[in-house]
Amino acid sequence: MLKVAASDETGMINIKPIGIVKSEFKAPEQVPITGGGSLIEIFPEYRRGLLRIEENSHLWIQMWFHKARRDILTVVPGKVNPNLPEYGVFCLHAVSRPNPIALSLVRLEQVRDNLLFVSGLDAIDRTPVLDIKPYYEQEIVFSPVTPYIRPLKREMRQEIFMKQAMLHHQEKCAGLLLGVRMALVADDYLGQLNSRVLKVTVNGSPCLADVVQGLSNARFANPPRFRYNETGDLGQSVWEKDGSRLTITARRPVTADEFFNTDDQQIFSIEFKE
Ligand SMILES: [Zn+2]
C-alpha cells in the first residue's frame, strides 16, 4: 500500500489511502477536463465508513495525484489554453503542487459493497483516494467571483458549459441544449458570463431560463442581473455588458443531434450592437 508522508514541525503527517480509482484512463492526457465515469474501490478495512453513503447524490473526492510534479509553484493552464498567463498553483486546480492533493466533485451513481460508481471524476487509473465527504446544499455559493480561465477550443468550452448546465438543471432537455448553445454564442461575443457587469434577459420556457441562469450565475437581485418572461416562443436571450447588447433568438428547436452538428446561424438569428 502506498504511504504518503510529509514532515512538519511536530514530526510526520501520515496519510493512508482509503481506496483506489479504477478508470479506463491510463494517462493524465486521456482524462477529459470534465472527468468521466469511474469506479472507486474502498479498501475493506474502511468499508464501514461508507454506511448510508447512498443517501447522497454528490460527493467530494480527495485524491493523491501520484504522478504530478511537486517542485513548481506557478503554471500556465496549458491544457485549457496555452495562451493564458501564469497562475500560482494555489489559484488553480492544476495537478502540479507541493502536495498533489486533488479535489473532485462527483455524482454518485451506484454503491455496491465497497465499490462506488461515480461520474465526473478527473483521475487516472490507480490514483490513491485519501478521503470522501458529502456535498451539502449549504456549501453552494451561487455566484462567486472567479477569474475566467477561458478554454481556447470551443469544444472544451461546450464540454464545460454542458457539465455546468447539467449540474444546475439536471435534465438534458431541449431547453438545456438551447441554453448551452446561447451561452456559447454569448461567450464568443462578450466573454465571461458570470461577470458582475453582465445582465441577461430570457424570454421563453422555464427550462431555458433555468439553464441560462445556471450558466451566467445571474441573480434576480443583489446585484440584479437576471430577468425572465415566460413565453411560449422558441426562446430568446438578451445579453448586455459594457454598453454592448447581444440578442439571440432561436429560429427552431434544437435536437441533441443538431446540437453538435449545426452552425449557430442555422439555429439562431443573432443581433449585436456595440
Ligand atoms: Zn428542462
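I note here that the model I am reading is a predicted one.

Next I looked up where Y228 sits, and I found this residue in strand β12. Leaving aside the neighbours within four places in sequence, I found Y228 in contact with V202 and A209. I also checked Y228 against M182, and these two are 46 residues apart in sequence and 15 Å apart in space, taken from C-alpha to C-alpha.

**The sheet**

I then asked myself in which order the strands of the open sheet are placed. Reading across, I found five strands in the order β12-β11-β13-β14-β15, and the pairing among them is mixed. The strands β12 (226–230) and β15 (268–273) stand at the edges, and because each has a single partner strand, one side of each is left without a neighbour in the sheet. From one strand to the next I noted a twist that averages 10 degrees.

How many bridges join β11 to β12? I found that five bridges connect strand β11, residues 199–204, with β12, and that these two strands run parallel. For one example I followed T201, whose bridge partner in β12 is R227.

**Helix against helix**

I turned to how α2 and α3 meet, and I read an angle of about 40 degrees between them, with their axes 8 Å apart. The angle makes α2 oblique to α3, because an angle counts as roughly parallel only under 35 degrees. I recorded the crossing of α2 and α3 as right-handed. On the α2 side the residues are G175, L176, L178, G179, V180, M182 and A183, and in α3 they meet C207, L208, V211, V212 and L215. Sorted by class, this contact holds ten nonpolar residues, two polar ones and no charged ones.

What is the angle at which α1 and α3 pack? Helix α1, residues 154–169, packs with α3 at about 120 degrees, and the axes of the two are 9 Å apart. Here too I wrote down oblique for α1 against α3, and I noted that α1 passes α3 in a right-handed crossing. In α1 the residues F161, Q164, A165, H168 and H169 meet C207, D210, V211, G214 and L215 in α3. The residues of this contact divide into five nonpolar, four polar and one charged.

**The chain as a whole**

Last, I stepped back to the protein chain, whose secondary structure comes to five helices and 15 strands. The C-alpha trace spans about 60 × 40 × 35 Å along its principal axes, and of the 274 residues 27% count as buried. Taking the contacts with a separation of 6 or more, I noted that residues 24 or more positions apart account for 66% of them.

Technical notes
Residues are numbered from 1 along each chain as its sequence is written. This is a predicted model: local features need pLDDT of at least 70, side-chain atom pairs count only at pLDDT 80 or more; totals for chains, interfaces and linings use all residues. Two strands pair if DSSP finds at least two bridges between them. Helices (H or I, at least four residues) and strands (E, at least two) are DSSP runs, numbered from the N terminus. Axes are lines fitted to C-alpha atoms, for helices over the stretch in contact, and angles run from 0 to 180 degrees between N-to-C directions. A residue is buried if 20 or more other C-beta atoms lie within 10 Å of its own, exposed if 12 or fewer, and partly exposed in between; C-beta atoms are placed from the backbone. Two residues are in contact if their C-beta atoms, placed from the backbone, lie within 7 Å. Angles under 35 degrees count as roughly parallel, over 145 as roughly antiparallel, 65 to 115 as roughly perpendicular and the rest as oblique. A crossing is left-handed if the near helix is turned anticlockwise from the far one by less than a right angle, and right-handed if clockwise. Ala, Val, Leu, Ile, Met, Phe, Trp, Tyr, Cys and Pro count as nonpolar, Asp, Glu, Lys and Arg as charged, and the others, Gly among them, as polar.
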